Amino acid sequence: MMLDERDSFLSELLRAVEQAHAQVPGGETSDLRVLVLDAWGHAHHAFEAAASPDESGPWIARSLGARTLFERLGARFPRSGYALYVVFAIAERLSFPVRERVLDIAARHVEARSGEERLSWLATLARLSHDDRRDELLREVDAGILSLPELKHRVAAAAERLGAAPEGATRLVREAINWLLACERLPPMARRFLARIPESDWAALPPDEAREVVARWQADTDSFWERTAPLRVGHVPGWLKAELEQSLLREAMAMAPSDRLCALSELVEHIRGAARASISQALLAEPAPVLRAHSRAVRRWAPVATVEELHHLERELLPLMEQWDDEALLALTERAAALGEMEPARAFQTAIVEEETRRYGRLSIVVRSGPFEEVERLLGPYLHEEEASGDLPWVAEELRDDGDIARFAEVIATAASGANRLSAWAVAFPRLSEAQRQALAPAVSLAIEDALRAPPEESDSSLYEMLPWLSEENLLAIWKRRADPAVWQPTGAETTRLFSYDRGYVHPEWLSDIVLRLGGEETLVAWAQAEDQVEAWISGRHFGG
């Protein structure tokens, strides 16, 4: 079967849906979706019965065409931009010159739009295009943004432009900053725009002007956390960052004692140098009852605590604590163990009251200090308790010795949850030899079978994480199970992240990866063509859900 048969199949399906709708004026969309499900099932089951790995592309292309129509009839997405979003996700997976065929499809959809929306999509098209074409498109985007009549639309489009392609936008950034300084209140999307300005463009601003822009960014909010945004997410130059650190530190220190600790804990992760030392002194000066009363602040502080701070807490404050928050103690245990400070790590871990949390703290220490035999002993509950086995990927990340990783990969083959086994292997496999990976192949296949028996929303993430290491046979098994229309039928195409969407967001990048592996680039092109064909067909009709 050639790919042009996919076109014929989809065209026939579109005609059948149109005829079915015409027979019942005002017919229910759900009836049309049943018709599509039947056609999709026909394509899918034909694939199951007849397709070898070498022939999988055309069959997958057919089922993707029916799946595309099924989703659009569901009307669970805004009409505008949905097909374009999927087509761009597909293009991102393709190499040149094949990508150009899909970008041609995207370009037609972009040109059908206008104003801010068109310019935002055009910036994405530029990012995915070849260099010469890319520069030409970005010049068009910038000129279009400058000509938009409303400030809020100019700023929103500029934010999307920087998100898609931040380089080469110096003139646009300069103009946009002038707009912002001239307006009374920052328009929507202004903070997103400011967060995306490259450091080189910040550095080109006169110092007083840069300070004024940051001051406007920090205004109009009562939240100290929001006022730290230029420091947290901005790309401001070093001199301005140092000024921000000092001003935020002064603001935090002037707060009432009940608020000061929380504010300092919000700053500590983002401050370096002398200001960081000042925060350390302030935090350590807080009396034990205040620290105990603000355990959330301690939990936020713990991941960046210094060796000196950990020893101070262990030596001066821990003995005074009648009962401290277990989660704060666990965070301190993990930080001390990560820094190789095992004495305070053991002291914090011993003070934990709740048994399961204390066990996790012990594992945090042993996984970093060894020996692996002790790690293996502590792993027992994590292997046999399905919920606890979700921590296995973290253990794999922390093991430093490649020999320990190889032994760990063998040990977790007995874990209760197939999905959690796959997530842990996804971390371990890059560090294994090809021979070690091959030896685990039968266990991986069993884990896939186990994961496929679980609901998609509980297992698809793990299947996707392991995707780079799966054989073609594994991928075919996943496709046959998850692309089966019967999986969708009970819920009307809800909640499978790999092949549908989760909480209203599609994940075409997930699906495109497995389609690329199974069917190659031509099958991805066929999917983009199906999106294009369905979009063109449905845009002039009224098949709302």
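## A walk through loops, helix pairs and a pocket

Pro-371 sits in the loop between helix 23 and helix 24 (372-378). This is a predicted model, so please read each feature below as part of a prediction. The peptide bond that joins Gly-370 to Pro-371 is cis, with omega about -5°. Most peptide bonds are trans, and most residues other than glycine have a negative phi.

Pro-97 is placed in the loop between helix 4 (82-92) and helix 5. One further backbone feature is found at Met-189, where phi is near 75°, a positive value in a residue that is not glycine.

Let us go back to helix 23, which covers residues 355-369, and turn to helix 22, which covers residues 342-351. Their axes lie 9 Å apart and the packing angle is about 165°. Angles over 145 degrees count as roughly antiparallel, and helix 22 and helix 23 are therefore roughly antiparallel to each other. Helix 22 passes helix 23 in a left-handed crossing. Which residues of helix 22 and helix 23 meet? Helix 22 brings Met-342, Ala-345, Arg-346, Gln-349 and Thr-350, while helix 23 brings Arg-358, Gly-361, Arg-362, Ile-365, Arg-368 and Ser-369. Sorted by class, this contact of helix 22 with helix 23 holds three nonpolar, four polar and four charged residues.

Helix 22 has another packing partner to visit, helix 20 (residues 307-317), at an angle of about 45° and with the axes 10 Å apart. That angle makes helix 20 oblique to helix 22. The crossing of helix 20 and helix 22 is left-handed. On the helix 20 side the contact is made by Leu-310, His-311, Leu-313 and Glu-314, and on the helix 22 side by Pro-344, Ala-347 and Phe-348. By class, the contact of helix 20 with helix 22 has five nonpolar residues, one polar and one charged.

Helix 5 (residues 98-111) packs with helix 35 (residues 521-538) at an angle of about 15°, with their axes 10 Å apart. Angles under 35 degrees count as roughly parallel, and helix 5 and helix 35 are therefore roughly parallel to each other. Their crossing is left-handed. Val-98, Arg-101, Val-102, Ile-105, Arg-108 and His-109 of helix 5 make the contact with Glu-521, Glu-522, Val-525, Ala-528, Gln-529, Asp-532 and Glu-535 of helix 35. The residues of this contact divide into five nonpolar, two polar and six charged.

The last stop is a pocket. How much space lies in the second largest pocket? The volume there is about 210 Å³. Its lining is made up of Phe-429, Glu-434, Arg-437, Gln-438, Ala-441, Val-444, Trp-469, Leu-470, Ser-471 and Asn-474. Helix 29 (434-439) and helix 30 (441-453) are the elements that give two or more residues to this lining. Helix 29 gives the most, with three residues. By class, the lining of the second largest pocket has five nonpolar, three polar and two charged residues.

Key. Residues numbered from 1 in each chain as written. Predicted model: local features only at pLDDT ≥ 70, side-chain atom pairs only at ≥ 80, totals over all residues. Heavy atoms only, no water. Axes fitted to C-alpha atoms, helices over the stretch in contact; angles between N-to-C directions. Helix = DSSP H or I, 4+ residues; strand = E, 2+ residues; numbered from the N terminus. Parallel < 35°, antiparallel > 145°, perpendicular 65-115°, else oblique. Left-handed = near helix turned anticlockwise from the far one by under 90°. Contact = heavy atoms within 4.5 Å. Nonpolar A, V, L, I, M, F, W, Y, C, P; charged D, E, K, R; others polar. 1 Å grid on protein atoms, 1.4 Å probe; cavity = no way out; pocket = protein on both sides within 12 Å on 5 of 7 lines; lining within 4 Å. Points joined across faces, edges and corners; volume = space filled by probe spheres on them.
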